[in-house]
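Hi,

Here is the model I promised to pass on, along with some notes on its salt bridges. Have a look at it first, then read on.

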Amino acid sequence: MKRKILNCAAVGLLLVSLLFGTAACGSSGQQPSAGGNGSTQGSADKPTLVVVNWKDYGSDNPEAVQKFESENNCKIVHEYMASEEELLTKLRTGGVGKLDVVLPNPQILPTAIKEGLLEELDTSKLSNYPNVYDKFKKLPESSMGGKTYAVPWVWGSTGIAYNTKLIKEDINSVNVLWDQKYKGFIGFRDDFNDAVMTAAIALGQDPNNPSDLNAIKNKLKEQKPLNKTYWKTGDEWSKFFANEQITVGLMWSGQSASMKKAGQPIKYVVPKEGAIGWVDYWAVVKNAPHKDLAVKFVDYMISEGFQKDWVSKGGPAPVNKVVADSLSEDFKKDAGITEDILNRLYFISYHDEEVKKAWNELWQEVKAE
Amino acid sequence: MAKKIIGWFYSIIILIFFYAPVAVLMAMSFNKSRYGALPFEFSTEWYRVLFSNQKLIQAALDSLAIAAVTAVLCVVLGTAMMLGQREFNSRVKAFFNSLVVFPLVIPWIILGLSLLLLLRALGLDRNYAMLLIGHVVVSFPYAVMVIGARLEDMNSEIQEASYNLGANEWTTFKRITLPMLSPAMLAGGFLAFMISFDNFVLSYFLIPTGKTTLPIEIYSSIKFGFTPEINAISSIILAATLLMITVIAVLMRSSLMRMFK
Amino acid sequence: MKKKALLVSPAMFILIAFAVVPLFIMLYFSFISDGGVPGFTLENYARFFSKPLYLALTWKTIKMSALVTLISILVGYPMAYIIAKIIKSGREILLLLIIIPFWSSQLVRAYSWMNLLRDGGILQDFLAKLHLFKGGELGILFTQTAVIIGLVHIFCPYMIITSYMTLEKIDDSVLEASKSLGANPITTFLRVILPMSKAGIVTGAILIFVPCLGSFVEPRILGGVNGSVIGTVIQDQFFEIYGWNFGAAIAFILLAMVLVSMGVMSAVNRRGEENG
């Protein structure tokens, strides 16, 4: 008898959560554009623009979204990506003709353009394009055969960040990652690109075209025992750092800035030897359901208003010259986004599959030693 | 009696082990630091943030619904399969068993991508039906194996006897088999629920555009770091479940009282 | 064949249509070249066996999974026995209590372990308060030990549940009969209880060992610089580089290993039953 009561109760538990859930689904179904399996349902009144980006990365800021939605009488839906390679998967497996705007980086841009996954852009339709730094426009990955397919959005670097409460000296060299003094407190990044390129910088090789992979492998093996751990995601870094598990390591300029804003004793430097630079681009997907709106969205993303707002909230460096010029020198120095720094960066260029495979395997070997 | 004391002692140690990380998770939802830094500073900030984040709450509710449907489907399919396969010889059974472990071995990412490619081949958009199928496939081994362990060596003489006494199949199932299997069906259902509720990869590849689940929200956040509102919503779900169990326990109070006699 | 046999068909249909058939797509991928050159090739499989790296990681993963399985049996089986045969009253509640902590994100729980196990973390504080730990650093986080703790935590409940399902079925009168026939508790356990609950242990071991082979979250977060396992390599092939072909090949090698060892086990089992 007891067992029966219990079983009924447990079944009840499952059913309650079921009802709870479906009721919730039902209520959400009344919102426009939700429900069913079509992304374009409810588009009779308002077009729905589908944007693929990292989560919490500027374009999904509720205020920014709302501003664009009300100005253009549309709705923005975000889909999140799990990695760059996975964005390519998304585009290849049904993204074309469904998604509108995506955020590819130079590692996948040439492939995506070659496979015809992206729409050619008429930059004259982008009112804010003339304000974008020429340096970024000229990077080779965003165009092919004289046609432009992607628009630079923000940039930053992967340099050294350290805890100013626990480390009193001024750090300015990448060799700190090989410094015995910090053994057990270093956090190197678990990423084959960052690893190979950083070791190349330390060895004085060209990070985008390293001459001696064997030396790089040995350099990385030498570095390995000095680490507390390798970090993979920004989330790990911030938790390890805040708990003082890691006091110095490889880090992104953008996240350092936002952690500093949140009160962490973190300082970001671009080492004198140089650092890895990166640029994020917006691109419009081939046969995008709302092509004109997509172009408008890209234009909005590089506008003064949006770029200024994001950088002031701790976002990465703006590509809009007008915005960059309006920032104070001190602010730019702190965030690692001065012209001087810009010139010391090695921007990640496209590497073909063979190179990526070789680098990845090299890194796997270092980790597995 | 001494046995009972040792038994309870051991159980409590195991429960402490199981609940330790969950307790930390709950504590962190009340910690002021967004990075989970200590020393602990009490704050209800993250609950306030959570309640203004409709999207996250909706994601959690959708995840609960998906997990509940998955659990029910897994239990029904699993029970049917286990009852049916008793009719086959051991070679065929071995074949069935190896089919069941497929989803345990194959990384979910491969299964997710395969199902996505299948959808493409069928010319369909990503949809909830395929998402549920994916969840059922990966949760199924857990449910079916628990039910199978229970059914193993369950002597069929009782059932035979029941037939001989003139009971039909349905009566036999309802009176003999079901009561025998119900604990395993429940446990299997709860396990399937748990697998589905935390599944990121399959949901990620198969969910319709603009929709989301709790694991998708969590895993998409780790590039830059998720805030403790994730801890807050997990704590609410856990606390609500524990509360329901307490209610059940109170319903059974008398049997708990008997324990101390 | 009785019509009851038809009961397997819905489950079989779903498994074949939505697990096996789609996997053939991936199997196909594993036999074409990474470079996109059309045509059949064994290079992905050859690559796995030609590099000591992948074999070493696979061996490491197998050892790790075996250890996790063994610890889960040693920890979980007694728990199942206690619930089924000693505590008895309120045992369903206890079982539920064991499952509930897992209705939360694996990732979030891994971070909780980090907070617990790290140097100067919660566990160290706690041990220091009990005067069980003096000075220095705890040194658990970012070691293999931390990974094992994290994995046992996740997988142990399966062992408890499957063992419980078989133990609870054993009639108390059987145990009393054994006792009254003069068997001591150890003999009763070895000759009666263990054989009768073997199915539960085996099922639990499969549910632990097999998924453990593919685990990657705990090894990476809790394992520090030596956290690489074969699961992280597979994951990288899909998320870091466009290495579907190689990633799929590794997965199918693992699948083949599991199916072969299961086949051997069930053959041995059958022979044992026929001879016994």
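Let's begin with K221(A), which is partly exposed at 26% relative accessibility (buried means under 20% relative accessible area, exposed over 50%, partly exposed in between, with a 1.4 Å probe and protein chains only). Before going further: this is a predicted model, where local features need pLDDT of at least 70, side-chain atom pairs count only at pLDDT 80 or more, and totals for chains, interfaces and linings use all residues. Residues are numbered from 1 along each chain as its sequence is written, chains are lettered from A and ligands numbered from 1 in the order in which they are written, and side-chain values use heavy atoms, without hydrogens and water.

K221(A) makes a salt bridge with E369(A), with the closest N and O atoms 3.9 Å apart (that is, a side-chain nitrogen of Lys or Arg within 4 Å of a carboxyl oxygen of Asp or Glu). K221(A) sits in helix 7 and E369(A) in the segment after helix 15 of chain A, so the pair ties together parts 148 residues apart in sequence (helices are DSSP runs of H or I, at least four residues, numbered from the N terminus). E369(A) is exposed, at 59%.

In chain B, K55(B) pairs with E217(B), again through a salt bridge, its closest N and O atoms being 3.9 Å apart. K55(B) is partly exposed at 35%, while E217(B) is buried at 4%.

Over in chain C, E168(C) and R91(C) form a salt bridge at 3.2 Å between the closest N and O atoms, and both residues are buried. Shared partners also join K55(A), D56(A), K55(B) and E217(B) into one salt-bridge network.

Over all chains, the structure holds 37 salt bridges.

Cheers

Notes: Helix = DSSP H or I, 4+ residues; strand = E, 2+ residues; numbered from the N terminus.
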